[in-house]
Amino acid sequence: MSLIHAEHVRKVYDEGQPYETVALDDISLTIDAGEFVAIMGVSGSGKSTLMHIIGCLDVPSSGHYYFDGDDISTKTSKQLVSIRRTKIGFIFQTFNLLPRTSSIANVELPLIYQGIGKNERTKRAVDVLHQVGLGDRVRYTSAQLSGGQQQRVAIARAIVHKPTLVLADEPTGNLDSRSGQEIMDVLQRLNQSGATVIVVTHDAAVAKRAQRTVYLEDGKVV
Amino acid sequence: MTMIIETIRIAFRSIWSKKIRSLLTMLGIIIGVFSIVVLIGLGAGVKEEVKDQIESIGSNLLFVLPGQIDSGTLPTGIVGSSTITEEDLADIESRERLDEVTPIMILSQPVRRGQNFAPGALTMGTTPNIEESFLVGVETDRKEGRSLSQKDYDTAARVAVIFGAVKKSLYGEEDPIGQSILIGKETFEVIGWREARETGSIISGPEYSQAVLIPLTTAQEISDSNEIHRIIITIGDSNFVTSEKQAIEEMLLKNHDGVKDFSVLTQDDFLKLIDSILGILTNMLAGIAAISLIVGGIGIMNIMLVSVTERTREIGLRKAVGASSGNILAQFLIESIIISFFGGAVGLTLAWVASFILNAQVGIAPVIDLQSITLAVGFSVAVGTFFGVAPAVRAARMQPINALRYE
Ligand SMILES: Nc1ncnc2c1ncn2[C@@H]1O[C@H](COP(=O)(O)OP(=O)(O)O)[C@@H](O)[C@H]1O
Ligand SMILES: [Mg+2]
């Protein structure tokens, strides 16, 4: 069974208002567990909106979205939280690390909301930081890290709870090409170790690292 | 359980990361709690003090005053035209059980020596027994010269016994005995002076140290009136205080044609009177202080609303990685409660320090007991909870995608 299955998904912002925006228009898409998929498109084509729906941060205006066999459109926000908490990891273009907070504390955030105790949290956070090559930076705050290092902390945070799906929305958009390559290396290794990885990008070189690419244009798959 | 501890830890971290702002936010609560605790404590402290004073004058006294005085109303008409007559005095003096009956007429004429005035002096025309009856309860440190005598009384002599403050302002360190003072236009010879112990009492203290005693007959002569402003009665056996009070009341009521325009008060009545006056006063002040606590609460709400807006992205991120609305609600609510709780604790500590300072400087120690502590801390936590709800709900309601897009 496929991990991600969208059927005629439509997303309209400010529906009914004169300034309503159709961000996604009749998207149907299937992604299997273990795939490494890139989503490409120009700015405003609906990539982030699609990511939010795939990541259960938002629900479609119409159509159906199935995650791991569950129909997401019928879930309450409480149920969505518990899906995100256990099965999904997010990486953002702007890192979104907590300011004045150490790498460890940032990385252990998802574990806090799973109710995992302090000692185990720290141990797992340090482990994951080693995996992304930041074993010597665990006490640094984001202000003390380079952009590439900050994004690696964010990746560590996205994978510390061993999610089945990792979503990265333009993870290399704010980085130089070398740091971008390193980030893609990490995501590729992550995929090889079994996680499903979806990367949004408008950089063809980045998309080339994925097994397949989905192109969006004006909210439609082309 | 771990979740609660974790939430408290998160709240602490966020308070700590903005120390100055948190402290300023606490300020309203600190001031509110400080003033409530000090004012309530001061009320209780003053009450104790006054109680001690009234008790020290002895429980075997009765006071007859003009005007009607009930618990809860301030005594009026003590000076000025009095409703107590010579007939009343004579009737009271005829009673068997009474040891001493001391009438007092208060003269409102300036006391001076040459051009030198004694500002607060209180001239009392009275009988020679005053120092054995009423003033026996007043502790005197020094007693120089003689007292008023029966002969002074019978001849309406122009003689005076002056008390500490009056002596000081007219004579300083000089010996006043044998010197003359002016009361109104009349010249008096000072025959004695007394140093009443500094009692610091609001009620009786200044009166004693400002007293100038002259014979009642003299007072009547120079004021050309027979008014009596107070009658102080000493009863040898304090068991009869209540029954004598009743009997005297009935007697005077008959004299006054059934109009109760006088009061007969026991020491107990005075205590109750003071109790209720100070009680009303304390509650009023505490109520005003409570308003400052509410203002402090509004300050917390204000800052927390700003903080929620500032931390929109943080909230979005927390929700994206698995925080429920309940987690976010708890985080911000606990932050408000911690701020107000510590504000309350600091306010309480300052009040405690203030009680030592007040005790040393003024001699009145605000009473800080378990009740005022629970009240203060409970009140501040309640304020923090109440005013923390709105910001916390606002944070909890944020949609993760909107929060993450927030600039
Ligand atoms: N929360 C929102 N409210 C209103 N309009 C939105 C919102 N999010 C996105 N949009 C609009 O939806 C369209 C797609 O946006 P987005 O998914 O962010 O595109 P991309 O990530 O490909 O740049 C854009 O026109 C954008 O303005
Ligand atoms: Mg985008």
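Modeller: B:Ser35 touches B:Ala289 and B:Ser292, leaving out residues up to four places away in sequence. Contact means heavy atoms within 4.5 Å. This is a predicted model: local features need pLDDT of at least 70, side-chain atom pairs count only at pLDDT 80 or more, and totals for chains, interfaces and linings use all residues. Side-chain values use heavy atoms, without hydrogens and water, residues are numbered from 1 along each chain as its sequence is written, and chains are lettered from A and ligands numbered from 1 in the order in which they are written.

Biologist: Where is the place of B:Ser35 in chain B?

Modeller: In helix α2 of chain B, residues 19–56. Helices (H or I, at least four residues) and strands (E, at least two) are DSSP runs, numbered from the N terminus.

Biologist: And what does the side chain of B:Ser35 reach?

Modeller: The backbone oxygen of B:Gly32, at 3.3 Å.

Biologist: How do the axes of α2(B) and α11(B) cross?

Modeller: They come within 7 Å and cross at roughly 45°. Helix α11 of chain B covers residues 325–361. Axes are lines fitted to C-alpha atoms, for helices over the stretch in contact, and angles run from 0 to 180 degrees between N-to-C directions. That angle makes α2(B) oblique to α11(B). Under 35 degrees counts as roughly parallel, over 145 as roughly antiparallel, 65 to 115 as roughly perpendicular, and the rest as oblique.

Biologist: Which residues of α2(B) and α11(B) meet?

Modeller: Among them are B:Ile29, B:Val33 and B:Phe34 in α2(B), and B:Phe342, B:Gly343 and B:Val346 in α11(B). By class, the contact has 16 nonpolar, six polar and no charged residues. Ala, Val, Leu, Ile, Met, Phe, Trp, Tyr, Cys and Pro count as nonpolar, Asp, Glu, Lys and Arg as charged, and the others, Gly among them, as polar.

Biologist: Switching to chain A. What is the order of the four strands in the open sheet?

Modeller: β2-β1-β4-β5, with antiparallel pairing. Two strands pair if DSSP finds at least two bridges between them. The edge strands are β2 (21–31) and β5 (70–71), and each pairs on one side only. β1(A) and β4(A) share five bridges. A:Ile4 stands opposite A:Phe67 in β4(A).

Biologist: Which helix lies across β1, β2 and β4 of chain A?

Modeller: Helix α1 of chain A, residues 47–54. It runs at about 55° to β2(A).

Methods. Polar contact = N/O pair within 3.5 Å; in protein donor to acceptor, adjacent residues only side chain to side chain.
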